[in-house]
Amino acid sequence: MKGDSYIDRSSRTLTLYAVLFLIVLYLPILFLPLFSFNDSIYIAFPLQGFTTAWYAQMWENPQMWAALGNSVKVGMATAVISTALGVFAAKAITRYRLPGQGPLVGFMMLPLVVPLIILGVAILILMSRLGVPLSLYTVTLGHLLICTPFAIATLIPRFEGLDPSLEEASADLGENIWWTFWRVTFPVVYPGIIASLLLTFTISFDEFIVAFFLAGTEQTLPIYIWNQLRFPRELPKVLALASVILLVSFVVVFLSLWLTNRGNRTLVQPGKDQ
Amino acid sequence: MTQDAYIRIENVTKRFGSFTALGDVSMDIREGEFFSLLGASGCGKTTLLRLLAGFESPTEGEIYLDGDPISGVPPNHRPVNMVFQSYAIFPHLDVRDNIAYGLRKRKLPKARRDEMVDEMLHLIKLPDYGDRRANQLSGGQRQRVALARALILRPKVLLLDEPLGALDKNLREQMQLELRQIQRTVGITFVFVTHDQEEALTLSDRMAVMARGKPLQIDTPEALYERPANREVAEFIGSMNFFEGRVTQADGQGVDLDVAALGRIAAPDGAGGLSPGQRVALAIRPEKIALSDTRPERGHAVRGRIQNAAYLGERSHYYVQLDGIEAPVAVSANNSAPVRHVPEAGEVWLSWPDEAMRVLAE
Ligand SMILES: Nc1ncnc2c1ncn2[C@@H]1O[C@H](COP(=O)(O)OP(=O)(O)OP(=O)(O)O)[C@@H](O)[C@H]1O
Ligand SMILES: [Mg+2]
């Protein structure tokens, strides 16, 4: 211990904490791929042997594919629409002084803290009152409500980092607002838009509660999984599916982090004088 | 007003809420001239420039460009371009694309466009920097790119908002020369905002000294320096000694004054319109005062004691105490005259010719 600086010493506790944290966080998740390769329908130790049969069965299940397709459709629609709404909102919030702006922004962010079950029930009541049949559209509507505040929150820092004189310069050089948006605003906030699309897609993709209330006969993937849980012999297939989703999520998250970092580097890196 | 006004600003008032940023401003800017707006921070220089660019519209009054009113014309339809204080170089584009940004609507063949960009890169002396991004440029280089991006459109007027403010002193002086050179080459009317009086004096054909949202005086740099219209302008440009006094007699050409420390003195009535009894300040520039050991035969003279001296190489500054006024008189002497050192300097005579005096109404 002699010669250790104060900072080195304290880092031991922190390292221990970090390791414990990661174990607690990832151990349950690691059980998924582990048991998905286990040659038994029971989720229990000891492991019985290695098999990829669950993956094969999962792969050949048309219901699963239908549910996956529905979730991707809902997720993409939600991502695109909520990000577009987020762009307008973030632009308005950062660029213009609106009367009553503080409460207004708070109101826009409210769905972040309203319990999903309440949101789900509320929309369900509204829909049945209006006589709108439940379908993937109503699920998308619910997801838009959940995701738009996340999109706004992701995009606001990007728009705050956008120097307003860039847009003025574009107008000064002869472009109208649409061309200015396309040639200046969009490319500059682009990494934020990608981040928002990925985030809102992910939220929609694994959202269960609101989808459960608002889905009609077509189910999304989380609802499909939940339904499968009632049949013990389906469980290993669900584990296989979950493992694949986990893998894809990791790839997507790393991709988005990489994109965001790259975007930051081109924008924020201080000028080099030579 | 003169007929050769290219930009005519007519009784323009600009209010933000209840705050008046510009109050009834009228001025004419001529075609092809380098016109500066000089004034302390917050006096409305940027506001006036933004009115010319079209980012703001006047609360009252009208602006004419080449005879046409332009208040209703949005910025993207004005033949006016701006170099922003922060340069506003597009960070996602390289230098060439930044410079060519405004050419999209001209629908030129690619070869012609490249040729124009090359010309501009040459003009701003960055021929090999076309592929760089904004974050790979120094402050001075960014400033030049911003200039090229505006000039390539051949605007009728180029607006520059403190374009040299962010540069260090050496680069600033170099860029001043280049800017003046470029303006002469392209022959475009420049409206240049600065709060650095030296910069305005060096660069301008004519300039407006502004305060509190109004121009105080509009004239050539020489006229502003030699014949300031009032005390505020005289204080703002260069340094100046003021002697408080009162007019005893006025006859149109000259006035007799009774001035603190100098007594009765006859001076030219530069601005005109002075009347007996009026309180005035007699203003004399430090470099127009000569120091001598004996009373000179010609000109006005007064005795004083050197209180402080600063040796600056080619010049020395002296602060001379006179009987009857508290503030010492500043004298700036060329060091080809003998340099005086303070403890032994003692009593001296200050003298100045008639033309050195400027009588300003209080
Ligand atoms: N959009 C605005 N809303 C309210 N007040 C404003 C606005 N723009 C400018 N002002 C005010 O108008 C006055 C003049 O501002 P302006 O930017 O023209 O000053 P300036 O002469 O350019 O000063 P500086 O040398 O510091 O740039 C300032 O007091 C400023 O606070
Ligand atoms: Mg300003």
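Of the 274 residues in chain A, 38% are buried, where buried means under 20% relative accessible area, exposed over 50% and partly exposed in between, with a 1.4 Å probe and protein chains only. This is a predicted model, in which local features need pLDDT of at least 70, side-chain atom pairs count only at pLDDT 80 or more, and totals for chains, interfaces and linings use all residues. Residues are numbered from 1 along each chain as its sequence is written, chains are lettered from A and ligands numbered from 1 in the order in which they are written, and side-chain values use heavy atoms, with hydrogens and water left out.

Chain A has 11 helices and zero strands; helices (H or I, at least four residues) and strands (E, at least two) are DSSP runs numbered from the N terminus. Among its contacts between residues at least 6 apart in sequence, 70% join residues at least 24 apart, contact meaning heavy atoms within 4.5 Å.

The unreviewed UniProt entry annotates "transmembrane region" at residues 14–35, 41–59, 71–93, 105–127, 134–157, 177–201, 208–226 and 238–259 of chain A. UniProt positions follow the numbering used here, feature names are shortened, and annotations may be inferred rather than shown by experiment. In the model, residues 14–35 of chain A are 100% helix and 0% strand, with end C-alpha atoms 32 Å apart. Residues 71–93 of chain A are likewise 100% helix and 0% strand, and there the end C-alpha atoms are 31 Å apart.

Helix 7 of chain A (residues 164–172) is largely enclosed by the rest of the structure, because seven of its nine residues are buried. These are Ser165(A), Leu166(A), Glu167(A), Ala169(A), Ser170(A), Ala171(A) and Asp172(A). Their cover includes helix 3 (62–95) and helix 8 of chain A, together with helix 1 (45–53), strand 6 (80–83) and helix 4 (139–151) of chain B. Just after helix 7 of chain A, Gly174(A) takes a positive phi of about 110 degrees.

Helix 8 of chain A (residues 177–205) holds Thr200(A), which is buried with a relative accessible area of 0%. The Thr200(A) side chain reaches the backbone oxygen of Ser196(A) at 2.7 Å. Apart from neighbours within four places in sequence, Thr200(A) is in contact with Ala79(A), Ser82(A), Thr83(A), Cys147(A) and Ala151(A).

The model has one cavity of 30 Å³ or more, a cavity being a set of points on a 1 Å grid over the protein atoms alone where a 1.4 Å probe fits but cannot get out, with lining residues having an atom within 4 Å of a point. The largest cavity has a volume of about 50 Å³, taken as the space filled by probe spheres set on the points. Met58(A), Asn61(A), Met64(A), Tyr224(A), Gln228(A), Glu234(A), Lys237(A), Val238(A) and Leu241(A) line the largest cavity. Helix 10 (221–228) and helix 11 (235–268) of chain A each give two or more residues to this lining, and helix 11 of chain A has the largest share, three residues.

In chain B, UniProt places "domain: ABC transporter" (unreviewed entry) at residues 7–237. That stretch of chain B is 34% helix and 27% strand, and its end C-alpha atoms are 25 Å apart. Helix 4 of chain B includes Ala146(B), a buried residue with a relative accessible area of 1%. Not counting residues up to four places away in sequence, Ala146(B) touches Val83(B), Tyr87(B) and Ile89(B).

Key
A polar contact is a pair of N or O atoms within 3.5 Å; within protein, one must be able to donate a hydrogen and the other to accept it, and residues adjacent in sequence count only if both atoms are side-chain atoms. On a 1 Å grid over the protein atoms alone, a cavity is a set of points where a 1.4 Å probe fits but cannot get out, and a pocket is an open set with protein on both sides within 12 Å along at least five of seven lines; lining residues have an atom within 4 Å of a point.
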